[in-house]
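Please open the model in your viewer and keep the selection panel at hand. The stops below go from whole chains to a pair of helices and then to an annotated stretch.

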Number of protein chains: 4
Amino acid sequence: MDFNLSERQAQLQQRTREFIREQIIPLEKDPRQTPHGPDESLRDELVGKAREAGLLTPHASEEMGGLGLSHVDKAIVFEEAGYSRLGPTALNIHAPDEGNIHLMELVATEEQKERWLRPQVQGRIRSCFAMTEPSPGAGADPSMLQTTAVRDGDDYVINGQKWFITGAFGASYVIIMAKLEDGSATMFLSDMDAPGIKLERAMDSLDSCFTGGHAVMRFENLRVPGNQILGEASKGFRYAQVRLAPARLTHCMRWLGQARRAHDVATDYARTREAFGRALGKHEGVGFMLADNDMDMQTARLHIWHTAWLLDQGNPCNFESSRAKVVCSEAEWRVVDRCVQILGGQGVTAEKEVMQIFMDMRSFRIYDGPSEVHRWSLARKLLSAEGAH
Amino acid sequence: MDFNLSERQAQLQQRTREFIREQIIPLEKDPRQTPHGPDESLRDELVGKAREAGLLTPHASEEMGGLGLSHVDKAIVFEEAGYSRLGPTALNIHAPDEGNIHLMELVATEEQKERWLRPQVQGRIRSCFAMTEPSPGAGADPSMLQTTAVRDGDDYVINGQKWFITGAFGASYVIIMAKLEDGSATMFLSDMDAPGIKLERAMDSLDSCFTGGHAVMRFENLRVPGNQILGEASKGFRYAQVRLAPARLTHCMRWLGQARRAHDVATDYARTREAFGRALGKHEGVGFMLADNDMDMQTARLHIWHTAWLLDQGNPCNFESSRAKVVCSEAEWRVVDRCVQILGGQGVTAEKEVMQIFMDMRSFRIYDGPSEVHRWSLARKLLSAEGAH
Amino acid sequence: MDFNLSERQAQLQQRTREFIREQIIPLEKDPRQTPHGPDESLRDELVGKAREAGLLTPHASEEMGGLGLSHVDKAIVFEEAGYSRLGPTALNIHAPDEGNIHLMELVATEEQKERWLRPQVQGRIRSCFAMTEPSPGAGADPSMLQTTAVRDGDDYVINGQKWFITGAFGASYVIIMAKLEDGSATMFLSDMDAPGIKLERAMDSLDSCFTGGHAVMRFENLRVPGNQILGEASKGFRYAQVRLAPARLTHCMRWLGQARRAHDVATDYARTREAFGRALGKHEGVGFMLADNDMDMQTARLHIWHTAWLLDQGNPCNFESSRAKVVCSEAEWRVVDRCVQILGGQGVTAEKEVMQIFMDMRSFRIYDGPSEVHRWSLARKLLSAEGAH
Amino acid sequence: MDFNLSERQAQLQQRTREFIREQIIPLEKDPRQTPHGPDESLRDELVGKAREAGLLTPHASEEMGGLGLSHVDKAIVFEEAGYSRLGPTALNIHAPDEGNIHLMELVATEEQKERWLRPQVQGRIRSCFAMTEPSPGAGADPSMLQTTAVRDGDDYVINGQKWFITGAFGASYVIIMAKLEDGSATMFLSDMDAPGIKLERAMDSLDSCFTGGHAVMRFENLRVPGNQILGEASKGFRYAQVRLAPARLTHCMRWLGQARRAHDVATDYARTREAFGRALGKHEGVGFMLADNDMDMQTARLHIWHTAWLLDQGNPCNFESSRAKVVCSEAEWRVVDRCVQILGGQGVTAEKEVMQIFMDMRSFRIYDGPSEVHRWSLARKLLSAEGAH
């Protein structure tokens with residue numbers, strides 16, 4: 001057992017930390033941030049800075065232009081990047097691009113990679129992932145998929161409605177989950193400017209950290225050539241799992257950075273603000289919250305590291321990534337909620353960075369499987385004859 | 001012991017419920033709502049509707065033009081009004097006007113009442129309450145008051161900075177807390193357009209339910225005649241308590257209405273949305289949240305009723321209103337957080353009313369004394385020789 | 001709305017409080033307490049004291065020899081009795097006798113009442129209630145009932161095994177739940193010394209407050225005449241509900257008394273024990289626990305009062321008594337757990353009364369329906385078309 | 001970073017697991033267990049089995065006769081040993097001997113080691129640790145030490161009272177914490193049969209897993225030669241820290257084993273017991289508890305591993321061992337409490353092993369520093385200029 005970072009990891013950690021502090025945090029008040037995320041010009045500037053710093057898309061393979069980070073490497077780097085709400089956008093490691101890049105590396109054809117993945121790794125284009133549908137379609141339960149792909153010669157014709165499609169406005173390509181006539185699910189790739197893709201509206205949301213916001217979109221007789229199937233036909237759900245297990249974990253990493261940021265802001269405040277005759281933090285009612293924050297963050301970090309290490313060993317980690325997702329999303333949320341409470345009026349106003357973190361993070365307990373779905377899935381595995389381990 | 005509503009209470013409950021459902025909820029999507037609350041024109045329309053319905057400023061005395069509600073009456077009516085986020089504005093029972101009206105009735109002179117209170121009860125003008133100050137001034141600990149009032153002939157000259165002043169933009173008058181040269185605290189009344197009052201900026205905040213938002217304001221040699229002292233000089237902290245004990249409780253009432261609204265939205269969703277083969281609510285993971293919501297809401301309601309009844313008996317309720325404030329603010333928050341979780345993606349977007357309630361309500365665990373200050377105060381009383389009771 | 005106690009209630013409260021303090025608490029260290037509860041001789045002494053004080057079996061009708069307490073009256077008196085762990089035994093208001101007396105009053109024939117109920121109200125005999133069975137029989141789910149009653153002429157012949165039968169050792173009669181050949185459930189009365197009733201063993205348990213402990217018992221061809229059916233045949237489950245709704249609530253009352261006792265012990269300790277330079281209670285980490293205790297106890301009390309009042313109005317309170325049971329059992333448990341924590345080493349040893357309360361109370365979150373079964377039942381009602389109210 | 005067990009660790013884990021399952025669990029119902037722990041004859045039998053299996057006192061150095069386990073090795077082995085409540089006694093790794101052995105190895109003289117440590121490592125004698133005192137003496141705040149050691153020639157004369165002295169009855173030697181005339185604290189070694197040591201009484205306690213129970217003891221002019229000072233004079237508090245940081249962590253390890261045992265019992269029950277139409281565990285209300293158990297156990301395990309690894313690197317881990325102690329004691333307690341709830345009636349009776357685990361474990365949130373003292377200490381470090389890291 002060894003908890004040491006490798007020399008390379010330690011260097012990457014340090015470099016990312018400095019990059020975020022010196023290059024990215026100063027842009028946090030930039031007015032090019034909208035209720036639907038940083039706008040494209042701000043994103044381009046952020047990505048440009050990461051490119052210059054040699055930190056762009058670090059999880060992509062070296063062949064594609066990344067740094068070829070392992071899962072544990074990502075745990076180190078992504079936490080640092082998450083320390084600023086603009087950091088994941090800068091490094092091109094935010095959802096949904098981060099997960100799409102991962103999936104494309106694993107299952108896309110060479111041709112698909114050259115067309116979509118390479119420019120994406122270079123930060124020149126963005127993508128989205130179209131799975132979730134309005135009721136009665138696929139939500140927490142993906143098996144309720146309604147969008148259809150009907151074979152027509154060498155093409156497929158796709159119809160359906162999707163929503164909560166993060167990053168759709170401004171994306172260059174989309175990965176579409178649709179079901180074939182035999183009911184099996186398949187993933188398709190399409191340019192976003194293809195006829196038949198309609199962005200119906202932007203959704204107003206609590207978070208505002210994703211460039212392109214969240215969209216309602218519709219496929220109306222979208223025609224996709226057979227060579228734009230991603231991977232093999234009928235393996236859609238399997239690929240969704242391949243994408244999700246590590247993607248969930250990268251959320252845990254990035255939000256851990258944001259939780260740490262909130263905690264640092266709150267700690268600083270607790271050190272200096274006086275009330276009832278002493279520094280706020282000297283009141284146990286506040287000090288205990290700081291202690292609980294530290295426990296929760298370390299808990300999250302250890303689950304992340306352990307699960308990342310397992311992934312690096314080739315373990316699919318369906319169980320462990322579910323567990324880490326619940327543990328981290330809930331622990332990190334408690335941290336941010338406590339920070340709001342410590343900051344008082346300044347926690348619920350834009351006087352401090354924490355209000356925005358609070359708004360951005362709440363959805364994390366919901367997306368990539370709400371806590372309840374993961375608990376149900378964990379329980380099922382624990383109850384099965386062989387247990388989870 | 002008797003938990004029956006009086007006939008009048010039952011009628012008021014029914015009338016308010018219908019008024020909110022029929023007249024106010026349809027306005028909830030009205031575009032005249034801004035990040036700093038409903039604008040003045042929307043407010044005027046809302047107030048006009050309540051006036052017409054005979055429900056305007058119901059807590060004011062009949063002499064002043066209200067319905068002369070007792071505290072228990074308020075518990076009934078304010079919960080119903082809170083069922084819409086626009087309801088308290090419509091009935092003119094929102095913070096800070098609700099508490100200011102209560103305080104003015106108790107301690108203002110006849111002349112002060114005619115000048116400011118009567119038009120306020122009629123919904124024609126609004127007010128604000130200037131107590132909280134930036135560090136190192138008065139926050140959760142009011143004794144740190146920095147704003148000064150220096151006697152100059154028959155006048156007082158006030159200097160200082162305040163922030164988190166709810167409703168300041170657009171308010172007609174302000175109650176100012178300042179300390180005299182002997183260090184004692186005194187409340188002053190002033191028109192908001194007096195020379196020497198400067199609204200420095202609006203504060204961006206998580207909530208957006210208060211007309212006029214929250215302001216940073218400054219008093220620069222604000223001159224206030226001696227007859228604009230509210231009540232007696234040097235009784236500022238005492239009046240703050242007189243204002244706060246019931247004002248805290250009215251927050252509990254209004255937010256209980258909002259919690260109930262969120263719960264109804266979530267219950268409806270849990271009844272109809274299907275996942276994993278049955279209605280969402282049939283999954284215990286969701287059903288248990290609904291059960292917990294019901295427990296929490298009933299707990300809040302019972303604490304409100306009991307404390308309101310004690311106030312009606314003449315009990316100052318310093319202990320009980322602190323206790324109710326912590327219990328209700330935390331219980332109602334849990335309800336809303338669970339509703340967000342049940343609604344999933346629709347809980348963190350404007351697809352449903354709940355996201356806005358979530359944003360509006362978070363501050364309730366902070367204002368009028370954060371939970372930690374109340375717990376500290378309750379503990380002190382429990383430990384004192386005679387105990388709390 | 002009125003939270004006043006009637007003069008009679010206030011007097012009963014005062015009398016019971018003094019009786020417990022002066023007559024019962026001094027017996028708490030009496031060596032006649034065993035791992036299976038106070039022994040019969042101690043019980044007789046306790047009951048004798050209550051009889052003398054005019055407080056014996058106060059919930060029974062005056063006709064039967066009780067004080068004819070309403071449900072709200074019981075809320076007042078039982079909380080006081082519960083202040084000592086011997087109090088409920090003294091007043092003859094402990095489970096299962098309390099609930100059995102209630103049920104017998106409602107549905108027993110005159111003959112049955114004279115034979116069993118009258119001496120029981122006089123404290124001369126005890127009873128037990130035989131419903132729960134080992135797997136795969138009736139547990140939290142009563143519909144899994146296995147014990148059979150087969151008609152044979154005018155008699156019924158009963159066979160089956162029961163466990164967790166509180167008070168069985170030393171009881172004079174038993175109420176047996178068994179199913180008829182048509183599958184319907186029926187309650188039977190039988191003397192405990194009837195041939196065919198076998199007490200197989202005592203069960204070692206966490207609690208030790210019930211005289212007679214908990215038994216495993218077996219019915220082997222127990223022959224019961226038809227006139228020993230309790231109420232009407234086939235109404236067993238309905239009667240179980242009639243018995244349970246108020247019986248659950250009386251648990252809430254008694255344990256509230258025990259929680260208050262623990263809290264008083266812990267508060268006293270927090271006032272006097274010093275650590276790190278001041279009284280323990282002056283540390284917010286401890287003071288906040290006291291504040292939370294007070295909140296939890298008041299929450300429990302208000303739910304009890306409200307539900308009791310509803311029962312007095314003739315409301316069956318299936319929903320409300322479930323809700324109160326979950327709220328109270330969890331709130332009161334939190335109180336006792338916090339008291340253990342405040343007392344430190346003295347909380348986990350017999351140096352203080354709290355360790356025993358901790359051991360006795362844990363089962364309360366389980367019996368008369370574990371929290372999970374109640375939450376499930378509450379959710380089901382909340383989701384039904386008409387809602388719970 | 002590497003979470004692999006070494007080959008030796010994996011073998012030790014396997015051997016210990018099998019040893020516990022085959023040799024120790026069958027003795028769990030042995031009647032030689034008393035309210036004050038396994039009696040000496042049972043202890044001897046247990047220790048004999050571990051000796052035969054080559055697993056006795058494995059944390060002692062090889063030189064002294066142990067296996068020379070590192071802290072991480074201990075994490076692996078002690079969790080396995082803890083799977084039976086008799087395991088730590090068998091392996092001679094229970095409090096207080098485990099920590100005493102560790103301290104003796106570090107600071108005792110060769111002579112002291114030969115006299116006391118070597119036979120203790122061989123399992124032939126036991127020891128106790130006399131620090132805690134009745135009010136107003138040393139409790140959670142060790143600086144309140146009252147016991148005095150007054151120099152008299154080459155000897156010291158010790159007077160004072162101690163309580164909660166685990167294992168005192170039957171122990172051969174004691175480590176005594178006393179203060180010198182200059183107020184500094186010093187540790188002394190003494191045979192237990194020395195004149196001047198009086199065991200006043202055994203304390204009845206919630207737990208019953210420690211041989212020798214917990215005693216109140218008194219030193220009356222106990223004369224100790226100067227060469228029985230442990231380590232150097234006046235370093236008592238420093239040694240207490242040296243002893244405590246790892247000792248706290250070994251509690252986390254052993255109790256993790258007990259939590260896992262409880263979880264396995266509850267999982268097995270949830271798989272097989274039916275209620276409301278399906279296996280208990282298929283109800284989300286129960287299944288979610290199993291999932292939470294797994295999360296809590298993994299959280300505890302990761303904190304243990306990480307802190308143990310840091311200790312192995314030579315880090316004193318004052319911060320980390322405090323943090324791990326709070327996290328583990330609370331997480332493991334939640335596991336056991338949930339298991340009680342899942343088992344229902346069988347959770348609160350001796351039908352299952354879990355009731356005893358519940359009783360034994362509650363003190364863990366208190367001893368070696370209650371959660372509140374650790375949170376206070378963590379907060380203080382987090383607030384200090386340099387932070388905790």
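Begin by selecting chain D and chain A together: a rotation of 180° with 0.0 Å of shift along its axis superposes chain D on chain A, with an RMSD of 0.0 Å, where copies are superposed by least squares on the C-alpha atoms of residues with pLDDT of at least 70 in both. Within chain D, the residue that comes closest to this rotation axis is D:Asp2, at 2.4 Å (C-alpha). The same surface serves both copies, since 100% of the contact residues of chain D recur in chain A; two residues are in contact if their C-beta atoms, placed from the backbone, lie within 7 Å.

A note on the model and its labels belongs here. This is a predicted model, in which local features need pLDDT of at least 70 and side-chain atom pairs count only at pLDDT 80 or more, while totals for chains, interfaces and linings use all residues. Residues are numbered from 1 along each chain as its sequence is written, and chains are lettered from A and ligands numbered from 1 in the order in which they are written.

Next, select chain C with chain D.

Now show the contact itself, which takes 37 residues from chain C and 37 residues from chain D. On the side of chain C that touches chain D, β10 (274-275), α8, α9 and α11 (371-383) each supply at least two residues; helices (H or I, at least four residues) and strands (E, at least two) are DSSP runs, numbered from the N terminus. α11(C) gives the most to that side, with three residues.

Stay in chain C and select α8 (residues 284-312) and α9 (residues 318-343), whose axes come within 9 Å and cross at roughly 155°; axes are lines fitted to C-alpha atoms, for helices over the stretch in contact, and angles run from 0 to 180 degrees between N-to-C directions. α8(C) and α9(C) are therefore roughly antiparallel to each other (under 35 degrees counts as roughly parallel, over 145 as roughly antiparallel, 65 to 115 as roughly perpendicular and the rest as oblique). Residues making the contact include C:Met289 and C:His303 of α8(C) and C:Val327 and C:Arg338 of α9(C).
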